[in-house]
Amino acid sequence: MTFNDIFKSSFLEKASAFSVMDFMIAMVLAFALGLFIFWVYKKTFNGVMYSAGFGVSLMAMTMITTLVILAVTSNVVLSLGMVGALSIVRFRTAIKEPMDIAFLFWAIAAGIVLGAGLIVLAVFGSLFIGVVLWVFINRKTSDHPYIMIVSCSDKEAEKKALEQIGEAVKKQVLKSKTVSKAGIELTLEVRLKGDDSDFVNTVSETEGVENAVLVSYNGDYMS
């Protein structure tokens with residue numbers, strides 16, 4: 001093999017046929033869309049613990065997917081090999097928030113569409129998805145369920161606490177009741193009439209009530 005054979009190889013021909021301008025445009029747009037997905041994720045996150053690393057991974061996933069699709073669309077043989085290579089990849093990280101799955105698929109879909117050259121579809125589709133998520137996730141509702149835990153010293157305090165809770169909330173359902181020598185612990189599902197949670201303070205000040213805790217289903221605490 002001589003130097004002429006090396007420079008005439010098909011590998012170098014593929015490298016020379018690749019468009020640097022297309023690559024730059026696709027990667028810049030992928031970075032912009034990934035940054036937009038990261039921003040929407042940050043503004044709409046309602047979970048227990050926010051992870052900045054997951055948000056950055058959404059941006060990186062958009063660019064990586066775009067890079068892979070650019071390579072796949074340039075060569076049919078490469079696309080078949082890429083499918084085989086990616087089929088052995090396994091992810092073991094547990095997804096704690098259901099909405100994280102939607103953001104992962106959004107980042108991957110945006111990268112695929114961009115890599116395929118459908119720039120208008122990728123941009124307007126991402127904008128539409130971002131607006132929908134912003135509206136529905138950040139929508140405030142007064143019918144949000146809460147779990148209320150009340151510790152009472154005796155049966156009389158339990159009766160007074162239930163009466164006060166019934167007058168203050170729109171709906172209450174007894175989930176569990178624990179009776180011990182130390183007292184009585186009630187666990188109720190309640191739905192507030194509004195955003196006011198001052199009734200919890202009133203219940204906690206009732207004679208015989210040791211403490212009262214109001215817990216949101218998504219992990220937020222109110223006292």
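**A walk through the chain**

Guide: Start with Thr 66: a polar atom of its side chain lies 3.3 Å from the backbone oxygen of Gly 111. A polar contact is a pair of N or O atoms within 3.5 Å; within protein, one must be able to donate a hydrogen and the other to accept it, and residues adjacent in sequence count only if both atoms are side-chain atoms. This is a predicted model: local features need pLDDT of at least 70, side-chain atom pairs count only at pLDDT 80 or more, and totals for chains, interfaces and linings use all residues. Residues are numbered from 1 along each chain as its sequence is written, and side-chain values use heavy atoms, with hydrogens and water left out.

Visitor: Where is Thr 66 placed?

Guide: In helix α4, residues 52–74. Helices (H or I, at least four residues) and strands (E, at least two) are DSSP runs, numbered from the N terminus.

Visitor: Is Thr 66 buried or exposed?

Guide: Buried, with a relative accessible area of 0%. Buried means under 20% relative accessible area, exposed over 50%, partly exposed in between (1.4 Å probe, protein chains only).

Visitor: Which residues is Thr 66 in contact with?

Guide: Leaving aside neighbours within four places in sequence, Ala 26, Met 27, Ala 30, Gly 111, Leu 114 and Gly 115. Contact means heavy atoms within 4.5 Å.

Visitor: On to helix pairs. At what angle do α3 and α7 pack?

Guide: About 5 degrees, with the axes 10 Å apart. α3 covers residues 20–44 and α7 covers 119–137. Axes are lines fitted to C-alpha atoms, for helices over the stretch in contact, and angles run from 0 to 180 degrees between N-to-C directions. The two helices are therefore roughly parallel. Angles under 35 degrees count as roughly parallel, over 145 as roughly antiparallel, 65 to 115 as roughly perpendicular and the rest as oblique.

Visitor: Which residues meet there?

Guide: From α3, they include Leu 29, Leu 33, Phe 36 and Trp 39. Among those from α7 are Ala 122, Ser 126, Gly 130 and Leu 133.

Visitor: Which residues are buried in α7?

Guide: Ala 122, Ser 126, Gly 130 and Leu 133. They cover an arc of only 70 degrees around the axis, which puts them on the same side of α7. The arc is that of the directions from the helix axis to the C-beta atoms.

Visitor: Why would that spacing work?

Guide: An α-helix has 3.6 residues a turn, so residues three or four places apart point the same way.

Visitor: What do the buried residues of α7 pack against?

Guide: α3 and α6 (98–115). The face turned away from the buried side carries exposed Val 120, Leu 121, Phe 124, Phe 128, Val 131 and Phe 136.

Visitor: Now α8. Which residues are buried?

Guide: Ala 157, Glu 158, Ala 161 and Ile 165. Their arc is only 100 degrees around the axis, which puts them on the same side of α8. Lys 155 and Glu 167 are exposed on the face turned away.

Visitor: What caps the N-terminal end of α8?

Guide: Asp 154. One of its side-chain oxygens lies 3.4 Å from the backbone nitrogen of Glu 156.

Visitor: And what do the buried residues of α8 pack against?

Guide: β1 (145–152), β2 (169–180), β3 (183–192), α9 (199–204) and β4 (209–216).

Visitor: Last one: how many helices and strands in the chain?

Guide: Nine helices and five strands. Buried residues make up 30% of the 223 residues.
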